[in-house]
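I opened the notebook to look up a few residues and the sheets. Entries follow in the order I worked.

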Amino acid sequence: MNISNPILIKEMRTRMRGRRSFLVLTGYVLVLSLILGLVYLVLSNNAPTSVVSSAGRYLTPVLIFVQMGLICLIAPTFSASAISSEREQETFDLLVVSLARPSTIVFGKVGASLSYLLLTLFGSLPLIALTWSLGGVALGDVAIAYLVMLVAGVTYCSMSFMWSTLVRRGVFAQLLSLFTVIFLVAAMPALAMFFTALASNFSGGPSQGFINVVYLLMRTNPFAAIAYLLFGLPMPQGVWMEKVPIWITQVIFYLGLTALSLFFSLRRLERVRKWL
Amino acid sequence: MGDNPNNTTSMIRLENVTKYYKTFPAVNNVSLEIARGEVFGFIGPNGAGKTTTIKMLATLMLPSDGRLSIGGYDIVSEPHEVRRIIGYMPDSFGVYEDLLVWEYLDYFASLYKVDPARRGRAISDVLELTDLAIKRDSQVMSLSRGMKQRLCLAKTLIHDPEVLLLDEPASGLDPHARIEIRELIRELCRMGKTVLVSSHILTELADFCTSIGIIEAGCLLASGRIDDITHQLAGHVMLEITVKGDPGPCVDALSERADIERVTCDGRAIRAEYTGDANEVDELLEYLIRGGARVLSFTRSEADLEDIFLKVTRGVVA
């Protein structure tokens with residue numbers, strides 16, 4: 001990504017100016033703090049001292065899961081209207097007739113959304129430092145969890161950007177982006193559960209093929225990847241890629257989705273004269 | 001690769017260009033040439049095909065058929081080269097309200113790859129030209145509509161393009177702002193730019209265009225230098241008559257004559273197109289006076305853009 005990308009600079013200027021960005025970031029950190037505070041309160045009042053003394057073991061996953069949930073909600077809104085809003089406010093023609101290459105537009109717009117996402121992730125660092133200091137979680141695992149969140153954010157931003165090139169109305173692009181994210185994080189586990197339920201009805205238990213499919217679907221889910229990382233989800237004997245950590249395949253799958261989304265966005269913008 | 005722009009005399013060229021929206025021909029077999037340094041007025045009613053033609057020239061749309069080139073560069077196969085030499089101002093455009101005026105221009109300067117060392121100077125120059133220097137640090141959203149229009153023109157000029165495509169540049173402006181835009185375009189003409197400017201308000205163009213094209217229902221009905229077209233199309237004498245009292249009977253009397261083609265009346269002023277012998281026009285004055293008209297003035301006038309437009313078009317809206 002070229003840091004001197006004019007679109008990126010312009011987007012940063014407009015996004016960071018005014019109260020909106022400040023309020024979103026403050027709200028994000030406040031929500032996280034509030035949830036952490038409540039969980040800690042419940043723990044300290046109800047759990048035995050041994051649990052409270054290693055509260056980080058519970059607080060860190062809570063913080064990461066809540067952040068992952070927030071990323072699922074806010075990442076699409078960052079870039080789903082990137083192109084549609086330019087079309088709606090009648091500035092897209094001016095952008096197209098300039099000397100900006102499609103790649104400049106794609107990386108400028110997606111980069112601006114990502115930079116804001118990065119800002120929210122950085123905003124949560126003091127909180128994660130606090131929960132980690134309470135013990136129970138390895139620093140490496142926290143770092144990998146952040147990588148999973150970052151890659152998920154990149155993927156959702158890229159997919160949302162692709163929708164914004166495909167759909168004229170910004171609000172529809174937002175909806176489609178949200179549905180895509182919901183499909184990726186909820187429909188895949190739902191499908192996995194469906195297969196598991198189906199397999200349990202078979203006499204003699206599920207076949208190895210079924211188990212493989214269920215675990216393959218699970219490998220596409222960032223929540224499963226984080227759960228594997230922080231709680232150590234057990235892997236059945238002989239399942240495909242048994243020795244490969246879930247987060248690695250999940251990150252690779254999401255990077256693949258990102259590459260595909262960016263590729264289709266580029267193709268769409270290269271053919272802009274056919275659909276404008 | 002197209003010709004070197006410096007070697008081409010006709011800067012803008014359209015050859016049998018057709019553009020269909022589904023099955024509807026918005027532009028129909030249009031051929032046109034605009035020479036370097038020419039200020040070309042593209043005239044036509046709303047929906048005539050002006051914007052579609054300009055959008056094709058601006059590389060925003062592909063023609064269904066035919067060939068368009070600017071400065072020798074083909075708009076289909078060499079859009080990037082075309083974009084380098086054109087400045088495009090659409091009829092309706094948006095601005096980034098959150099930016100400051102200089103940031104807005106800086107954004108487009110960097111999109112057009114204006115050398116960073118020259119960027120500050122270029123921004124100052126276009127602000128000066130469009131009379132917006134005082135608004136340099138103002139927020140775009142605080143500008144009036146006329147100022148935003150001038151700002152859009154400023155961004156169109158930021159990379160010093162050779163060709164300007166201005167689609168209805170003064171639409172929606174009050175008379176004062178209209179005059180400002182007109183003066184600006186006049187200044188651009190003096191700078192030697194090749195300008196294609198569209199409008200459906202004829203008086204806007206009459207002042208500064210060197211040539212015109214009249215388009216209706218997607219078809220180019222006439223094009224060329226204003227003098228040539230006037231000579232070619234307005235073979236008839238235009239008469240301007242002012243009468244004392246009700247002009248109605250005089251209009252009726254004129255309409256009855258076979259040598260009068262068209263009569264219009266605006267208040268007490270009557271305009272009539274006389275198709276008879278120009279040397280016998282005194283006979284018409286005599287006829288009116290005999291009929292009881294109290295003629296205050298009776299003058300011959302040259303056909304203007306409005307007369308030509310009315311003569312050529314059929315009032316068809318595409």
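Predicted model: local features only at pLDDT ≥ 70, side-chain atom pairs only at ≥ 80, totals over all residues.

Residues are numbered from 1 along each chain as its sequence is written, chains are lettered from A and ligands numbered from 1 in the order in which they are written, and side-chain values use heavy atoms, with hydrogens and water left out.

**Entry: A:Asp93**

Is A:Asp93 buried or exposed? I found a relative accessible area of 16%, so A:Asp93 is buried. A:Asp93 sits in helix H6 (residues 92-96) of chain A. Helices (H or I, at least four residues) and strands (E, at least two) are DSSP runs, numbered from the N terminus. I then listed contacts, meaning heavy atoms within 4.5 Å. Apart from neighbours within four places in sequence, A:Asp93 touches A:Leu276, B:Lys55, B:Leu60 and B:Tyr88.

**Entry: A:Met235**

I found A:Met235 in the loop between helix H12 (222-231) and helix H13 (246-270) of chain A. A:Met235 counts as buried because its relative accessibility is 17%. Its contacts, leaving aside neighbours within four places in sequence, include A:Tyr215, A:Arg219, A:Tyr228 and A:Ile246. A:Ile246 is eleven residues away along the chain, and the two C-alpha atoms are separated by 9.6 Å.

**Entry: a nonpolar patch**

I looked up a surface patch next. Patches are made of residues with over 30% relative accessible area and no salt bridge; like charges are joined within 9 Å, nonpolar side chains (Val, Leu, Ile, Met, Phe, Trp, Tyr) within 5 Å. A salt bridge is a side-chain nitrogen of Lys or Arg within 4 Å of a carboxyl oxygen of Asp or Glu. Areas come from the Shrake-Rupley method with a 1.4 Å probe; for residues, only the protein chains shown count as cover. A:Val171, A:Phe172, A:Leu175, A:Phe179 and A:Ile182 make a nonpolar patch of about 480 Å². A:Ile182 lies in helix H10 (residues 170-200) of chain A. At 46% relative accessibility, A:Ile182 is partly exposed.

I count two strands as paired if DSSP finds at least two bridges between them. In chain B, four strands form an open, antiparallel sheet in the order E2-E1-E4-E5. Strand E2 (24-35) and strand E5 (73-74) are the edges, each pairing on one side only. Strand E1 (residues 10-21) pairs with E2(B) over eight bridges. B:Ser10 has B:Ala35 as its bridge partner in E2(B).

**Entry: the six-stranded sheet**

What is the strand order in the six-stranded sheet of chain B? I read E6-E7-E8-E3-E9-E10, open, with mixed pairing. Strand E6 (86-89) and strand E10 (219-225) each have a single partner strand, so one side of each lacks a neighbour in the sheet. The twist averages 15° from one strand to the next. For angles, axes are lines fitted to C-alpha atoms, for helices over the stretch in contact, and values run from 0 to 180 degrees between N-to-C directions.

E6(B) and E7(B) run parallel, joined by four bridges. B:Ile86 is bridged to B:Val163 in E7(B). I also checked the faces of E6(B): B:Ile86 and B:Tyr88 on one side, B:Gly87 and B:Met89 on the other, are all buried. Helix H5 (residues 145-157) of chain B lies across E6 and E7, at about 165° to E6(B).

Terms used. Buried < 20%, exposed > 50% of the residue type's maximum accessible area, 1.4 Å probe, protein only.
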